[in-house]
Amino acid sequence: PEPNHRGLYLDYESSAWEHGTRYKQICKGAGINPDDYPMLHLTMTRSIEISKFSLAHYIQEQRITYLIVDSAAMAVGGDPNSPDDPLHMFEVLREIGLPSLIIAHQPKNNENSNHPYGSVVWHNMSRATFQIDKVQSPGENTLTVALLNRKLNNGGLRKPMGFQFEFINDAINVTSTELAKNDELSKHLTIIDQVIGVLKEKKDKDGQLLPMTIEQICEEKKDILKAGSVRTKLYEHDKAGKSVRKATPEDHGYNPSD
């Protein structure tokens, strides 16, 4: 967290008690005092457009520097599928003039969609969009998420990032994790990054990396990696002289038959 910022959580879905509890748990997991990083909570019942005057007064009074809106469909107050209603909400946010993080749901029964539920305006008007995918088994106290950059106006898209949330008593610990190690979430990585992830796990008793055949690599990622696609990408990658290359007789663990 950066000092000298005051956040405001515009909440259409939960309560101040739930927000406060979760925020304290995250801060405890990060080893910081929540009082040093204020995140104010405002229970919202009407759209941002209708509430803009009282909201602007509250922001000025509390010296707010950024907003979190949870969630988009309720904050718009109208039809999220209509291009006009989301546009009006973006206009109000632009008038307010603060950086805003808008949390949106995804379309149900459409796993292939990379856009929020509703009009394409949500995606088009945003400076950056991130999609979140998660894996959690029943009864476990850990949650693994993939943060996937779908749009970035200023610069190239970021690589997928992995995080693990661990819920322990009154704390939430957040740590980075390699998506390549998660069978379900690794599907979001490029073919090369998946190959690298498999290779990094193949070591001898001394901890040195060992070569693998394409067939062995694909066997580790059934239903995700196909031999033909891997061969094509490895050929392109090898020509570029990057981190994955074909083994030679001089390499440790080389087998002529492979």
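The hairpin of β7 and β8 has two residues between its strands, and asparagine 169 takes a positive phi near 50° there. Strands, like helices, are DSSP runs numbered from the N terminus (E, at least two residues, for strands; H or I, at least four, for helices). This is a predicted model, in which local features need pLDDT of at least 70 and side-chain atom pairs count only at pLDDT 80 or more, while totals for chains, interfaces and linings use all residues. Residues are numbered from 1 along each chain as its sequence is written, and side-chain values use heavy atoms, with hydrogens and water left out.

**Antiparallel strands**

- Seven bridges join β7 to β8 (residues 171-177), and the two strands run antiparallel; strands count as paired if DSSP finds at least two bridges between them.
- Across this pair, phenylalanine 167 stands opposite isoleucine 172 in β8.
- β7 (residues 161-168) also pairs in the antiparallel sense with β6 (residues 142-152), over six bridges.
- In that pairing, valine 145 stands opposite phenylalanine 163 in β7.

**Parallel sheet and its helices**

- Four strands form an open sheet in the order β2-β1-β3-β4, with parallel pairing.
- β2 (39-43) and β4 (100-103) are the edge strands, each pairing on one side only.
- Neighbouring strands of this sheet are turned by 15° against each other on average, direction ignored; axes are lines fitted to C-alpha atoms, for helices over the stretch in contact, and angles run from 0 to 180 degrees between N-to-C directions.
- Five bridges link β1 and β2 in the parallel sense, and tyrosine 9 stands opposite histidine 41 in β2.
- Helix α1 (residues 16-30) lies across β1 and β2 and runs at about 160° to β2.
- α2 lies across β1, β2 and β3, running at about 160° to β2.

**Nonpolar cores**

- A nonpolar core is a set of buried Ala, Val, Leu, Ile, Met, Phe, Trp, Tyr and Cys residues joined through side-chain atoms within 4.5 Å, where buried means under 20% relative accessible area (1.4 Å probe, protein chains only).
- The largest nonpolar core has 22 residues, of which Leu8, Leu10, Ile48, Ile59 and Leu67 touch the most other members.
- Elements giving two or more residues to this core are β1 (7-11), α2 (52-62), β3 (66-70), α3 (72-76), α4 (84-96) and α5 (121-125).
- α4 supplies the largest share of this core, five residues.
- Isoleucine 59 touches Leu8, Ile64, Leu67, Ile96 and Leu98, not counting residues up to four places away in sequence; contact means heavy atoms within 4.5 Å.
- A second, separate core of 12 residues includes Val195, Ile214, Ile217 and Cys218.

Methods:
Buried means under 20% relative accessible area, exposed over 50%, partly exposed in between (1.4 Å probe, protein chains only).
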